[in-house]
Amino acid sequence: AARSPDDLRCPVTVIMGHVDTGKTKLLDKIRKTNVQEGEAGGITQQIGATYFEKKTLETQTAKLNATEAFDIKIPGMLVIDTPGHESFANLRSRGSSLCDVAILVIDMMHGLEPQTIESLNMLREKKVPFVVALNKIDRCYAWKTCKDTPIRDALKEQEEGTISEFRSRSADTKLQLAELGVNSNLYWEMGDDDWCNSDFIPLVPTSAITGEGVQDVLMLLCQMSQRKIWKKLMWCANLEATVLEVKAIDGLGMTVDVLVVNGHLREGDKAVFCTLNGPIVTEIRGLLTPPPSREMRVKSEYIHHKEVKGALGVKVIGNNLDKVMAGTPVMIVGPNDEEEDIKAEVMSD
Ligand code: GTP
Ligand code: MG
Ligand code: NA
């Protein structure tokens, strides 16, 4: 199928890091939601997915764009939230395997922690370009809140003492990263070409609570997508889809959350899934998504679709889904396909 630089898909962005560094809170900030406060023990225990429309990316970077002038060409962004708790390494691994770009969140007050390093190694192994959010900058001594402001503007408002704490904490983290062989720098101290064309990792101080630096993170993700990995993001008609989660939903029965990266899924498609007992073929009876800027793992007023196009997270309804395995591919039996061939293919991945 023909692919074109004028037809980019949404980048799949994974957010990773040590427990309680503020991954879900950062997403809450962009979504204007309170998902984190509803989590049991304040801990994320599942993979999440949130789709942001292009216009949301535009409004959420508008202050920065007023001075920096950049075009957003991607049609939106799909963000995968992952748990930071040590027991969920499998979900972090799944997230890092599925994504195009990533945000590695570090608690600025703590520096590198065990799952920071684990996440970093997963991203490096899979060669995923990423930005580092140095989160909780609002905890620096006497920080003056500059709500939802680009980070450099917020830093200009701070007193000497606050700046020196910020400087020393970011230098410490930079050193810790360097000890692991990762070159990094505050992103505005690098040339654009450095964060697009070299292995230097851009650092962005953020506050998920008051929003400083969040515009900068979104801008960097858009720029990396468009300038660094645009070839990979050229939309492709061949279906590329993976099971994120399998769960029972009141009134819907067992459902499968699927990440569709490329291609389409349609109601009525004959889908092939992997289960513990081998491949199953089932008709897709429904395709549901939450509204844009809403977390898929939170029950909401789902939107029903006849057809979805990658990249998107979608809840699939059908029969016999209870033994489907998360992390496995989804395939469709097309008009010219032999069902047995597709069954063999889906299990061989
Ligand atoms: P897991 O998903 O469990 O790994 O945690 P997480 O990384 O998603 O962190 P979460 O969003 O649950 O935030 C953890 C705690 O840190 C919560 O109490 C948040 O309110 C707090 N927090 C997150 N970001 C910030 C921030 O930028 N500033 C401050 N002051 N607190 C923050
Ligand atoms: Mg979380
Ligand atoms: Na948490």
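Helix 1, which spans residues 23–31, gives the most to the shell around ligand 1, contributing 3 residues. The model described here is a predicted one. In total, 22 residues surround ligand 1, and the closest of these are Gly-22, Thr-24, Lys-25, Thr-44 and Gly-84. By residue class, the shell around ligand 1 divides into 11 polar, 6 charged and 5 nonpolar residues.

The UniProt record, an unreviewed entry, lists residues 8–229 as "domain: Tr-type G".

Helix 4 (residues 89–98) and helix 5 (residues 114–125) pack at an angle of about 30 degrees, with 9 Å between their axes. Because angles under 35 degrees count as roughly parallel, helix 4 is roughly parallel to helix 5. The crossing in which helix 4 passes helix 5 is right-handed. In this contact, Ala-89, Arg-92, Ser-93 and Ser-96 of helix 4 meet Glu-118, Ser-119, Met-122 and Leu-123 of helix 5. The residues of the contact divide into 3 nonpolar, 3 polar and 2 charged.

Most residues other than glycine have a negative phi, and most peptide bonds are trans. Against that background, two places in the backbone may be noted. A cis peptide bond joins Gly-310 and Ala-311, and Ala-311 lies in the loop that runs between strand 15 (307–309) and strand 16 (312–317). Ala-69, a residue other than glycine, has a positive phi and is found in the loop between helix 3 (62–68) and strand 3 (76–81). The backbone angles concerned are set out below.

| Site | Backbone angle |
|---|---|
| Gly-310 and Ala-311 | omega about 5 degrees |
| Ala-69 | phi near 50 degrees |

Definitions and conventions. Residues are numbered from 1 along each chain as its sequence is written. Chains are lettered from A and ligands numbered from 1 in the order in which they are written. This is a predicted model: local features need pLDDT of at least 70, side-chain atom pairs count only at pLDDT 80 or more; totals for chains, interfaces and linings use all residues. A residue is near a molecule or strand if its C-beta atom, placed from the backbone, lies within 6 Å of it. Helices (H or I, at least four residues) and strands (E, at least two) are DSSP runs, numbered from the N terminus. Ala, Val, Leu, Ile, Met, Phe, Trp, Tyr, Cys and Pro count as nonpolar, Asp, Glu, Lys and Arg as charged, and the others, Gly among them, as polar. Axes are lines fitted to C-alpha atoms, for helices over the stretch in contact, and angles run from 0 to 180 degrees between N-to-C directions. Angles under 35 degrees count as roughly parallel, over 145 as roughly antiparallel, 65 to 115 as roughly perpendicular and the rest as oblique. A crossing is left-handed if the near helix is turned anticlockwise from the far one by less than a right angle, and right-handed if clockwise. Two residues are in contact if their C-beta atoms, placed from the backbone, lie within 7 Å. UniProt positions are given in the numbering used here, feature names are shortened, and annotations may be inferred rather than shown by experiment.
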